[in-house]
Amino acid sequence: MELEYIEHISPILKDGIKNYLIDIDGTITDDVPNEEPERMVTCEPYPDALETINKWYDDGHQICFFTSRTENLKQITIDWLDKHGFKYHSVLCGKPRGGNYHWIDNHLVRATRYKGKFTDLVEKQVTIEVFKD
């Protein structure tokens with residue numbers, strides 16, 4: 001990963017490179033709950049997700065799958081991603097379950113809600129919640 005370092009400040013990605021944090025269940029494949037791990041082995045990826053994510057990887061972006069699957073399901077998850085040809089840099093388990101996420105960070109955060117199709121991203125103006133200046 002190419003990072004720019006400034007003394008005493010956390011590193012940042014080079015211009016134009018994104019850190020994609022991508023959910024798995026219900027986003028790149030069927031929505032499989034942790035309580036049904038046998039389905040995690042047999043579910044199929046959404047073709048547009050596989051193609052788009054691998055393109056982002058090939059374009060130099062960082063791909064991290066960030067899932068609510070528990071740590072004991074991590075190897076099943078890695079095996080599934082590898083079996084289906086996903087390109088990625090890391091897998092993080094233990095994302096809180098239940099949705100309605102509101103991420104607070106000192107770095108720029110953008111969010112895109114998956115609604116049934118992966119495509120290249122486009123710019124769109126929306127209303128967001130922010131801290132008072």
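## Close-up views of a predicted chain

**Figure 1. Overview of the chain and its elements.** The secondary structure of the chain comprises three helices and five strands, and the coordinates shown are those of a predicted model. The C-alpha trace spans about 45 × 30 × 30 Å along its principal axes, and buried residues account for 29% of the 133 residues in the chain. Of the contacts with a separation of 6 or more, 68% are made by residues 24 or more positions apart. The chain exposes about 10000 Å², of which carbon and sulfur atoms supply 51%.

Figure 2. Three strands make up an open sheet in the order 3-4-5, and their pairing is parallel. Strand 3 (19-22) and strand 5 (90-92) stand at the edges with a single partner strand each, so that one side of each has no neighbour in the sheet. On average, and with direction ignored, neighbouring strands of this sheet are turned by 25° against each other.

**Figure 3. Pairing of strand 3 with strand 4.** Strand 3 and strand 4 (residues 62-66) are paired in the parallel sense over four bridges. Within this pairing, N19 stands opposite Q62 of strand 4, while I22 has F65 of strand 4 as its bridge partner. Four of the five residues of strand 4 are buried, and strand 4 is therefore largely enclosed by the rest of the structure. Helix 2 (residues 47-58) lies across strand 3 and strand 4, and runs at about 140° to strand 4.

Figure 4. Strand 4 and strand 5 run parallel and are joined by three bridges. F65, which is also the bridge partner of I22, has V91 as its bridge partner in strand 5. The chain passes from strand 4 through helix 3 (residues 74-83) to strand 5, and this β-α-β crossover is right-handed.

Figure 5. The side chains of D120 and K55 form a salt bridge in which the closest N and O atoms are 3.8 Å apart. Because D120 lies in the segment after strand 5 and K55 lies in helix 2, the pair ties together parts that are 65 residues apart in sequence. D120 counts as partly exposed, at 46% relative accessibility, and K55 is likewise partly exposed, with a relative accessible area of 39%.

**Figure 6. Further salt bridges of the chain.** Side chains of opposite charge can pair when their charged atoms come close. The count of salt bridges comes to eight, among them the one in which the side chains of E36 and R39 meet at 2.6 Å, N to O. E36 is partly exposed at 29% relative accessibility, and R39 is partly exposed with a relative accessible area of 32%. Another of these salt bridges brings together the side chains of E71 and K74, at 3.9 Å from N to O. In this pair E71 is exposed, because its relative accessible area is 52% and the cut-off for exposed residues is over 50%, whereas K74 counts as partly exposed at 25% relative accessibility. Salt bridges with shared partners also join K55, D59 and D120 into one network.

Methods:
Residues are numbered from 1 along each chain as its sequence is written. This is a predicted model: local features need pLDDT of at least 70, side-chain atom pairs count only at pLDDT 80 or more; totals for chains, interfaces and linings use all residues. Side-chain values use heavy atoms; hydrogens and water are left out. Two strands pair if DSSP finds at least two bridges between them. Helices (H or I, at least four residues) and strands (E, at least two) are DSSP runs, numbered from the N terminus. Axes are lines fitted to C-alpha atoms, for helices over the stretch in contact, and angles run from 0 to 180 degrees between N-to-C directions. Contact means heavy atoms within 4.5 Å. Buried means under 20% relative accessible area, exposed over 50%, partly exposed in between (1.4 Å probe, protein chains only). A crossover is right-handed if, with the strands pointing away from the viewer, the path from the first strand over the helix to the second runs clockwise. Accessible areas come from the Shrake-Rupley method with a 1.4 Å probe; for residues, only the protein chains shown count as cover. A salt bridge is a side-chain nitrogen of Lys or Arg within 4 Å of a carboxyl oxygen of Asp or Glu.
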